[in-house]
Amino acid sequence: MSRTLAAWDKAKHENRKMAMITAYDVTAARLAEAAGLDGLLIGDSLGMVFAGDPDTLRVSLEQMEYHTAIVAKAVTKPLVMADLPFGSFEDSPAQAFSACARLLKAGAQIVKLEGGATMVETVAFLSRRAIPVCAHIGLTPQHVHQIGGFKRQGKTPEAAAQLLEDAQALADAGARMLLMEAVPFELASQITAKLSIPTIGIGAGPGADAQVLVLHDVLGLTPGNAPSFAKTYLDGAGLITTALANYVQEVREGAFPA
Ligand code: KIV
C-alpha cells in the first residue's frame with residue numbers, strides 16, 4: 001500500500017525503490033494497481049499520448065480534473081499524483097492554489113508542477129496551505145519552445161549546478177517530492193543523496209528513489225515515438241493490431257458472431 005506520502009517518505013528512508021506510471025483512464029488505473037504500481041501519475045502527457053497533440057501545452061485544467069477524477073476513484077492502493085497543466089499556475093501563487101484545490105477535490109493526493117527556481121515562491125505558498133507538491137525539473141515539456149525541443153538538460157557544469165541549486169531550493173520551500181526528467185545520471189544521484197524528500201526519475205538513471213514512465217511507452221503502444229530512455233515491455237501495438245485484424249476478418253467471413 002503506497003497510498004500515502006508517508007509511505008513514500010518511509011521507502012526513501014529504507015532505501016526501497018518505488019515505481020510509478022502514467023494513467024489517464026479507469027482500465028489503465030486498475031491494471032496498474034493490480035500490477036503493484038506504487039504511484040499513478042495523471043500526467044499532462046495525456047495531451048500527446050491520449051489526444052495526439054504535438055506537445056502538452058493544449059491540455060486544460062478541466063481535462064486534468066476529468067482524468068484525475070476517473071483515475072482516483074478507480075484505485076485505492078497507489079499514490080495519485082496529478083499535473084498542473086500549462087497556464088493554470090504560473091501567473092501567481094494564488095492562481096496555483098485554485099488550480100491545486102480543483103485537482104485535490106478531483107482526488108489527487110499530490111500535484112506536480114513544472115519549473116525550477118521561478119516556482120520556489122509558489123511551492124512555499126502552496127505547502128504553507130497544505131498542498132503537497134512534486135516539483136518537476138530538468139526537461140520540462142511545458143517549456144518546449146523555450147528549450148527548443150524535448151532535449152536533455154543539465155549537460156554543462158553550470159546547468160547541472162543550477163539544477164542542483166533549484167532542487168535544494170524547491171525542497172527547502174516545502175516540495176514533498178522532486179521529479180527529474182532527462183538529466184545526467186550522476187546529477188540525479190547527487191540530488192537524490194542530498195535531498196530528504198523522495199526523488200522520481202525519468203531518463204535520469206537508476207539513482208533516483210523512484211522511476212516513472214509513460215504507460216503507453218511501456219506497453220509498446222507508441223512505436224517510433226517513445227523517448228530513447230523509455231523501456232518497452234510488450235509489443236502492445238503489434239498484439240492489438242493483430243487481434244483487431246482477426247476480428248475484422250471473422251466479421252467479414254461470417255465466423256463472428258458464430
Ligand atoms: O506528463 C507526464 O506524464 C509527465 C511524466 C512524463 C513525468 O510529466
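Searching the whole structure turns up eight salt bridges, a salt bridge being a side-chain nitrogen of Lys or Arg within 4 Å of a carboxyl oxygen of Asp or Glu. Side chains of opposite charge can pair when their charged atoms come close. In one of the salt bridges, the side chains of R176 and D9 meet, at 2.9 Å from N to O. R176 sits in the loop between α8 (157–172) and β6, while D9 belongs to helix α1 (residues 5–13), so this pair ties together parts that are 167 residues apart in sequence. Helices (H or I, at least four residues) and strands (E, at least two) are DSSP runs here, numbered from the N terminus.

A word on the model itself: it is predicted, so local features need pLDDT of at least 70 and side-chain atom pairs count only at pLDDT 80 or more, though totals for chains, interfaces and linings use all residues. Residues are numbered from 1 along each chain as its sequence is written, and side-chain values use heavy atoms, with hydrogens and water left out.

Now for the strands. Eight of them form a closed barrel, running β1-β2-β3-β4-β5-β6-β7-β8 with parallel pairing; two strands pair if DSSP finds at least two bridges between them. From one strand to the next, the twist averages 25°. Take strand β4 (residues 110–114) and strand β5 (residues 133–138): they run parallel and are joined by four bridges. L113 has A135 in β5 as its bridge partner.

Helices lie across several of these strands. Helix α4 lies across β2 (39–42) and β3 (79–83), and runs at about 160° to β2. Axes are lines fitted to C-alpha atoms, for helices over the stretch in contact, and angles run from 0 to 180 degrees between N-to-C directions. Helix α9 (residues 185–194), for its part, lies across β5, β6 (177–181) and β7 (199–202), running at about 175° to β6.

The helices also pack against one another. Helix α4 (residues 61–74) meets helix α5 (residues 93–105) at an angle of about 25°, and their axes are 8 Å apart. That makes α4 roughly parallel to α5, given that angles under 35 degrees count as roughly parallel, over 145 as roughly antiparallel, 65 to 115 as roughly perpendicular and the rest as oblique. The crossing of α4 past α5 is right-handed; a crossing is left-handed if the near helix is turned anticlockwise from the far one by less than a right angle, and right-handed if clockwise. On the α4 side, L61, E62, M64, E65 and T68 meet A99, R102 and L103 of α5, where contact means heavy atoms within 4.5 Å. Sorted by class, this contact has four nonpolar, one polar and three charged residues. For these classes, Ala, Val, Leu, Ile, Met, Phe, Trp, Tyr, Cys and Pro count as nonpolar, Asp, Glu, Lys and Arg as charged, and the others, Gly among them, as polar.

Next come α5 and helix α6 (residues 120–128), which pack at about 50° with axes 9 Å apart. That makes α5 oblique to α6, and their crossing is right-handed. P93, A94, A96, F97 and C100 of α5 make the contact with E121, T122, F125 and L126 of α6. Seven of the contact residues are nonpolar, one is polar and one is charged.

As for α8 and α9, their axes come within 10 Å and cross at roughly 25°. That makes α8 roughly parallel to α9, and the crossing is right-handed. Here A160, L163, L164, A167 and Q168 of α8 meet L187, Q190, I191 and K194 of α9. This contact has six nonpolar, two polar and one charged residues.

N15, in the loop between α1 and β1 (18–22), has phi near 60°, a positive value in a residue other than glycine. The peptide bond from F256 to P257 is cis, with omega near -5°, and P257 is found in the segment after α11 (236–253).
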